Structure formats: C-alpha cells, structure tokens
Amino acid sequence: MMRKISLTVCLAIFSMYVNAQSFKRGSLVLELNTGLEIYNTELKLTVKDPNSRRDTSYSDKAGNTNFGVSLECGLHKRLGLGVRFKTNKYFTETDSVTKRKPEVKSNDLLLLVNFHPVVRKHFDLVLGADVGLSSFKYKANDSLNLVLTGSGSFVSLYLNPRIYIRRFGINFKVYAPFTNYNSLTTNNDDFNKYVAITKWKGNGFGLSFGIQYRFFR
C-alpha cells in the first residue's frame, strides 16, 4: 500500500515538473517583436555607355527599425520549428539635389529553427537561426518618380532569452543579420539602359524586444 502511495506521489511530482516547463514538445509560441538593425553595406553597379562598361562599388552604412511576428512549434523539448514575417523601414536623409526624402522598405518571410538548451518554468533560453526570402523597395520621391525594387535573401543567427509569467512573457534578442539582393531594377527604362545595379548586400547587428504567448497541445 505504501509503495503504491509513494509511486503515485512520485508520478504526480514528475508530472508537475514536466508540465511546468516553459517549452516542450507540442508547445506553440506566438511572438511579437520590434527592433533595430545596423548594417555595413556594399552596393555594386555597372555603368554602361556606347564606348565602355565600368564596374563600380560603394561601401556605406544603413539602419532600420522593424516589426516582426512569428509562430514556433515544439518538435521536441529542445527543438522548435516555425515561420516569421518581418517588415523593415530604413533610416533616410533628405537628398541634397531633389530636396526630397526617399522611402526605403523591405519585407522578410523566414523559416526559423530554434534550439532550447535551458528550459525552466519561467525561463527559456533560445539559440536560433532565420533563413528565407526578402523583398526590397527604394522610392526616391523625385520628379521622375524613380522606384528601385528587388528580391534576395535574409539570414540571421540569434540569442533569444524568454521570461515567462504563466503563459505570457517578454523576450530579448541579439542577432547577426545578413541580407543580399542580386536582382535589382528600376521603373525607368532609360536608367536601366545605362546603369545596372548588380548587388546590394549588408551584414551587421540587430537588437529587439518583444512579448510572447505560449499555447500547448
């Protein structure tokens, strides 16, 4: 009799411990984040005229503010897989010639893979990676209404601690983003005839803050 009681108590304690984990197999975590990214960038273009072709590259810096939403599913108590959508708005300055301020935006649709090395009742440490597609739009707001658009890739590696109070929580993320656009063109045929933008790429540092809600099966 005592053995049965002891076994029942042990099973109850074990069940409470398992159920208290902030992430496990079958968990669904909805996350909303806002953040900042700073890039070192490189722009490559080819200038074409009837007599020659000239390849040129420019190095610069760029930064954006962003907002993202993600949904992660627990495949294992240590492994999660999900999707993320992120929209970015870049900082710009008023052009000295046109006296107008350009608008630069991009959108990222990403697959996320998360490893959870430390999982406690109120704490979940996440090491993860994003990889996916990105679209880019530069609107000059000039007299020609020049618009530059393109598509490419976005990859990031991140450290993402999550703190929980029951199913709600807050999270912080530090990450290294990499973006690369190999397909860029404008809406101006004359510009495209003489200038070909062959690549715009960036790598740098990102920081974000957010909230999350955890669902279970």
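Reader: Hi! What should I know about the model before we start?
Author: It is predicted, so local features need pLDDT of at least 70 and side-chain atom pairs count only at pLDDT 80 or more, while totals for chains, interfaces and linings use all residues. Residues are numbered from 1 along each chain as its sequence is written, and side-chain values use heavy atoms, with hydrogens and water left out.

Reader: Great. How many strands close into the barrel, and in what order?
Author: There are 8, in the order 1-2-3-4-5-6-7-8, with antiparallel pairing. Strands here are DSSP runs (E, at least two residues), numbered from the N terminus, and two of them pair if DSSP finds at least two bridges between them.

Reader: And the twist from one strand to the next, what does that average?
Author: The average is 20°, with axes as lines fitted to C-alpha atoms and angles running from 0 to 180 degrees between N-to-C directions.

Reader: Over how many bridges do strands 2 and 3 pair?
Author: Strand 2 (residues 53-76) and strand 3 (residues 79-90) pair over 12 bridges. In that pairing, valine 69 stands opposite phenylalanine 85 of strand 3.

Reader: Switching topic, which residues have the most contacts inside the largest nonpolar core?
Author: Tyr90, Phe136, Leu148, Tyr181, Leu184, Ile197 and Trp200, in a core of 14 residues. Such a core is a set of buried Ala, Val, Leu, Ile, Met, Phe, Trp, Tyr and Cys residues joined through side-chain atoms within 4.5 Å; buried means under 20% relative accessible area with a 1.4 Å probe, protein chains only.

Reader: Which strand gives the largest share of this core?
Author: Strand 8, with 3 residues.

Reader: Now the pocket. What volume does the largest pocket have?
Author: About 930 Å³. A pocket is an open set of points on a 1 Å grid over the protein atoms alone, with protein on both sides within 12 Å along at least five of seven lines, and lining residues have an atom within 4 Å of a point. Of its 29 lining residues, Leu43, Asp60, Val104, Tyr138 and Trp200 are the closest to the centre.

Reader: Which strand gives the most to that lining?
Author: Strand 2, with 5 residues.

Reader: Last one: how much space lies in the largest cavity?
Author: About 120 Å³. A cavity is a set of points where a 1.4 Å probe fits but cannot get out. Strand 2 gives the most to the lining of the largest cavity, with 5 residues.

Methods. Buried < 20%, exposed > 50% of the residue type's maximum accessible area, 1.4 Å probe, protein only. Helix = DSSP H or I, 4+ residues; strand = E, 2+ residues; numbered from the N terminus. Points joined across faces, edges and corners; volume = space filled by probe spheres on them.
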